[in-house]
Amino acid sequence: MSDLAEALTTWISGQRFGDVAEVGVLYVPPLGGLDTRRPLDASIRSLQHPSLGDDFADDRLGEGKDLVGSAADGRFFVAVVGIHGISAGSYDDIVSAPAQDFTVAGQDVRDAMTRQLWGARVLQAGTRFRPDGDDNPTWTFTLLPGEELCDGAAESGTILKSKVRFRLGKPNRGISSARVAPALTLPLP
């Protein structure tokens, strides 16, 4: 695991805003335990932060990818786990880039840039901080290029006005607040 963490940290350090991205271990629960691709109950969010209310999800969002699959106990990833991810351009820029630009330790880190991992990242932060929150020194949102376009729009996640939001937006929006959270899958034992 330390080799994967070191490889991802080294790759991130060469990216825009890599100096503020925190790499760690991210646990993603199985769908049957807790589906982090979907809005969570307000009672769960209130335990994270008293100001958080009901989650918001765009009605057009589909199911989303499941990277845990048959791992009944969930999966672990080495991933961006902190407040901010890195900037790698727009959704269009990221998905059209050559695989070697996003390959770390033999894995394409774009594959894990999904709603499921972003939802787990927000949940795992607990009361310590709010990833992509508007109460951070810099507000960001996380693009999810591991997900397919939905009605021509790109999926993203953010915390804005006390709501965890699973949103859709322009796929060519490459502003500095648009970040990504690269991740590597840890092998199952």
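Two strands are taken to pair if DSSP finds at least two bridges between them. The model is a predicted one. By that criterion strand 7 (residues 154-160) and strand 8 (residues 163-169) pair, running antiparallel and joined by 7 bridges. Within this pair, F166 of strand 8 stands opposite G157.

Both strands belong to an open sheet of 5 strands with mixed pairing, ordered 2-8-7-6-9. Its edges are formed by strand 2 (56-57) and strand 9 (178-179), each of which pairs on one side only. Helix 4 (residues 115-125) packs on this sheet and touches strand 6, strand 7 and strand 8. The direction of helix 4 makes about 160 degrees with that of strand 8.

A further open sheet has 3 strands in the order 1-3-10, paired antiparallel. Strand 1 (23-28) and strand 10 (183-185) each have a single partner strand, so one side of each is left without a neighbour in the sheet. From one strand to the next, the twist averages 30 degrees. Strand 1 is linked to strand 3 by 6 bridges in the antiparallel sense, and G24 has A79 in strand 3 as its bridge partner.

| Helix 4 | Strand 8 | about 160 degrees |

Which residues touch the most other members of the largest nonpolar core? In this core of 21 residues, they are L8, W11, I12, F102 and V109. Helix 1 (2-13), strand 3 (75-80) and strand 6 (141-143) supply at least two residues each. Helix 1 gives the largest share, 4 residues. In soluble globular proteins, nonpolar side chains tend to be buried together.

Leaving aside residues up to four places away in sequence, V109 touches L8, W11, F102, V104, P182, A183 and L184. Another core, of 11 residues, lies apart from the largest one and includes L52, L61, L144 and V164.

Methods. Residues are numbered from 1 along each chain as its sequence is written. This is a predicted model: local features need pLDDT of at least 70, side-chain atom pairs count only at pLDDT 80 or more; totals for chains, interfaces and linings use all residues. Side-chain values use heavy atoms; hydrogens and water are left out. A nonpolar core is a set of buried Ala, Val, Leu, Ile, Met, Phe, Trp, Tyr and Cys residues joined through side-chain atoms within 4.5 Å. Buried means under 20% relative accessible area, exposed over 50%, partly exposed in between (1.4 Å probe, protein chains only). Contact means heavy atoms within 4.5 Å. Axes are lines fitted to C-alpha atoms, for helices over the stretch in contact, and angles run from 0 to 180 degrees between N-to-C directions.
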